[in-house]
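I opened this entry to write down what I looked up, one topic at a time.

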Amino acid sequence: MATRLTTDGGDRSTFRTPSSPVAYLAVLTALVSAAIHLFLAPQVIEFSRTTGILFYLNGAGFLGGIVLFFTRYWRRELYLVAVVYAGATIVAFFAMGGQVNPVSITSKIAEAILVLSAGYLYRAK
C-alpha cells in the first residue's frame, strides 16, 4: 500500500494530505513524541540546560517534519530521514542515561512506531 499524496487544488497546492492510514499513524506518533519533549523541556532545563535545549529542538524537529510531510516538498527519501531522526532520539535517550518512567516509555514507543511506519512507507512507495 503506497502513500499517495492528494491535493484539493491540483498540483499547485502547497499542502497535501496522505491517503495511507500508516502515514497518519506516523504523524500521530511524531506528534506524541513532540508533545512529550516540548512539555518536559521546561522541567528538564532546570536540571540541565543542554538537555533542556535538546528537548526543545527535538520537539521542534518532529513538528517541522510533520509540517514538511503535509507539503508538496515531501520526497520519498525523507522517510529515511524520519527513520534516522526517530532512531537517533531513541539511541540518545539511552546514551545519555535517560530516566525510565511511563512518559519516557510512551515517547520511546511512539518513536519506535515512527521508525517502523516511516520504513514501511519508504519501502511501499
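**Aromatic rings**

I noted one aromatic cluster, formed by Phe-69, Phe-70, Trp-74 and Tyr-79. The model is a predicted one. I searched the whole structure for aromatic pairs and got six. One of them is Phe-69 with Phe-70, an edge-to-face pair with 5.5 Å from centre to centre and 75° between the planes. Phe-69 and Phe-70 are both buried.

I then looked up Phe-69 with Tyr-79. Phe-69 belongs to helix α2 and Tyr-79 to helix α3, so the pair ties together parts ten residues apart in sequence. For burial I wrote down a relative accessible area of 6% for Phe-69, which is buried. Tyr-79 has 2% relative accessibility and counts as buried.

**Helices α1 and α2**

Next I checked how helix α1 (residues 21-47) meets helix α2 (residues 49-69): the axes come within 7 Å and cross at roughly 160°. Angles over 145 degrees count as roughly antiparallel, so α1 is roughly antiparallel to α2. The crossing of α1 past α2 is left-handed. I sorted the residues of this contact into 20 nonpolar, six polar and one charged.

**Asn-101**

Last, I located Asn-101 in the loop between α3 (77-95) and α4 (102-124). Is Asn-101 buried, partly exposed or exposed? Its relative accessible area is 26%, so I put Asn-101 down as partly exposed. A polar atom of the Asn-101 side chain lies 3.0 Å from the backbone nitrogen of Val-103.

Terms used:
Residues numbered from 1 in each chain as written. Predicted model: local features only at pLDDT ≥ 70, side-chain atom pairs only at ≥ 80, totals over all residues. Heavy atoms only, no water. Axes fitted to C-alpha atoms, helices over the stretch in contact; angles between N-to-C directions. Helix = DSSP H or I, 4+ residues; strand = E, 2+ residues; numbered from the N terminus. Parallel < 35°, antiparallel > 145°, perpendicular 65-115°, else oblique. Left-handed = near helix turned anticlockwise from the far one by under 90°. Nonpolar A, V, L, I, M, F, W, Y, C, P; charged D, E, K, R; others polar. Buried < 20%, exposed > 50% of the residue type's maximum accessible area, 1.4 Å probe, protein only. Polar contact = N/O pair within 3.5 Å; in protein donor to acceptor, adjacent residues only side chain to side chain. Phe/Tyr/Trp six-rings, centres within 6.5 Å; stacked < 30°, edge-to-face > 60°.
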